[in-house]
Amino acid sequence: MQRTVSRLMLGLVLVCTLSAPAGLAQAPPAAGAGPDVQARIATLEQQVSDARHAGDNAWMLVCAALVLMMTGPGLALFYGGLVRKKNVLATMMQSFILMAVVTVLWAFFGYSLVFHEGNRLIGGLGYLFLHGVGAAPDPDYAGTIPQQTFMVYQLMFAIITPALITGAFAERMKFKAMLLFMVLWSIIVYDPMAHMVWGKGGLLNASLGGAIPTLDFAGGTVVHVTSGVSALVCALYLGKRLGFPKEPIPPHSVVLSVIGACLLWVGWFGFNAGSALAAGSLATSAFVATHFGAAAAALGWSAAEWFSNGKASVLGAISGAVAGLVAITPAAGFVGPMSALAIGAIAGVVCYLMVTRVKSKFGYDDSLDAFGVHGAGGSLGAVLTGVFAAQAINPILKNAQGAATAVGLVDGHPGQVLNQLVGVAIAWVLAVVGTLVILKVVDWTVGLRVSEEQEVQGLDLSQHGEEGYNLEV
Amino acid sequence: MKKIEAIVQPSRFDAVKSALQEVGVEGMTVSEVRGHGRQKGHTEVYRGSEYTVDLLPKIKVEMVVPDARATSAVQAILRAAKTGKIGDGKIFVTTVDEAIRIRNEDRGETAL
């Protein structure tokens, strides 16, 4: 009965919709006045443009929310599950508090330092306190969305990047040291690197007049290489956790990490597909590449682990997926699905070897493998972007006449691989030097590590006065 | 009076409990414990770091029974807990000097 009624309603709606345009078409042309038609066309064009803008804006706001979800709860759960239970809250807090800290920095000057016109290395101060960042789009970056949407979308990247580093110094850093470190790191490492790659006139910007056009669709160098390499520097400078590697320090809940990794995977669609900055077919292409890269890497890591260890672990599968997402990030908007599978598979195996073989060979305590996954995966992905980027997917490189030219090595443009290497090298140098200076400053002022007693007690109690699990209450 | 202390596989605990009830053992104290005898533990690998877990979860069942019932209780535990594999656990039997019910200060076997 209900079904019949709803069918009737549907039919009625269809008839109305179909008859409406016919009705409209009959009246006005007879009048035939030129200016009237002109005005109607202008109105129509305005409406089409408004609709396009509304569509793009809706997509970009959702993407901004998705990228925030990667930090909290995504990364907070992923990292929180990997530490011992006495450090779960402190580890989650390190991600969570950055959602607040970086937002304030971004509002005051961060956005300006990255996206206002400046020199090749750092942006200007014209957007200080978000002055002039409003509803009008900035066509150099994204011509169909309010600049304020672009600003808040980019903010979410500035939040997750330092949060990734926290995996390297987990379970042993003072909370106030971590806060000071992150404020300085955002200014000294993130803002210049993001300006160089994405800002107007930045040294590495591929589409806005960079001297060394480097392809970085969604932040392989800006986000993952800088954070991953800084993570390695932190791990080396702070030293190992007490007992590492002799005493067992197993994850207290791989369950939390699985949930976190799945949220990261979903959020990454906002990160990569959103980097198209519009809801068009390029976003679809990046979405597909992102998903395929993650899938292939989960299989690559699992296969490598199964082969060398006899078992495919759950932690391995989710770590592989994250490694694949990292590696596909710079390439997402430049490669097709098959290239994405290849990039993912390579990243899964390489990152597996990084966190198992390389880490144990050198003995550094990159506690949650921020370097092994983000530093290594990000560098690898950036270089592979130069190999697999295809003009057919995204004709970003143009010659003097404005005609599209070959993009990656597969197109017959080997020079791009070189450019990618230069971009990666600059990110490494900036991350190493910047992080070392910041660590020295923080070490001299507030001190980096908690006392041995506090480390044994756990950071939840010693830094925050709480416990994650009061199960007997 | 005898005290019987049995350390059994967690998976066999329900069977042990019903077997004891069948032979008339009315009270018991149960705890979740960890330990190992000859059974080796297992290894866990997290991102290439290998950990040996040698303390394995077991269930410890304790009860005090009249002398006359000790043998049948031990037999019941053996029947229910034995899988024939390493790690099945142990039973210890000791003599108990005194038992006192706190509520009414009954003493000896009447207190059980």
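The contact between the two chains takes seven residues from chain B and twelve residues from chain A, where two residues count as in contact if their C-beta atoms, placed from the backbone, lie within 7 Å. This is a predicted model: local features need pLDDT of at least 70 and side-chain atom pairs count only at pLDDT 80 or more, while totals for chains, interfaces and linings use all residues. Residues are numbered from 1 along each chain as its sequence is written, and chains are lettered from A and ligands numbered from 1 in the order in which they are written.

On the side of chain B that touches chain A, strand S3 (42–46) and strand S4 (49–53) of chain B each give two or more residues. S3(B) gives the most, with three residues. Helices (H or I, at least four residues) and strands (E, at least two) are DSSP runs, numbered from the N terminus.

| Contact | Residues by class |
|---|---|
| Side of chain B that touches chain A | three nonpolar, two polar, two charged |
| H12(A) with H13(A) | six nonpolar, seven polar, no charged |

Ala, Val, Leu, Ile, Met, Phe, Trp, Tyr, Cys and Pro count as nonpolar, Asp, Glu, Lys and Arg as charged, and the others, Gly among them, as polar.

Now to that helix pair. Helix H12 (residues 370–388) of chain A packs against helix H13 (residues 415–445) of chain A at an angle of about 160°, with axes 7 Å apart. Axes are lines fitted to C-alpha atoms, for helices over the stretch in contact, and angles run from 0 to 180 degrees between N-to-C directions. H12(A) and H13(A) are therefore roughly antiparallel, a term for angles over 145 degrees. Among the residues making the contact are Ser379(A) and Ala382(A) of H12(A), and Gln416(A) and Val417(A) of H13(A).

Back in chain B, four strands form an open, antiparallel sheet in the order S2-S5-S1-S6; strands pair if DSSP finds at least two bridges between them. Strand S2 (29–35) and strand S6 (89–95) of chain B stand at the edges with a single partner strand each, so one side of each has no neighbour in the sheet. The twist from one strand to the next averages 20°.

S2(B) is joined to strand S5 (residues 56–65) of chain B by seven bridges. Arg34(B) stands opposite Pro57(B), and Val33(B) has Lys58(B) as its bridge partner. Helix H2 (residues 67–81) of chain B lies across S1, S5 and S6 of chain B, at about 5° to S1(B).

Methods: Parallel < 35°, antiparallel > 145°, perpendicular 65-115°, else oblique.
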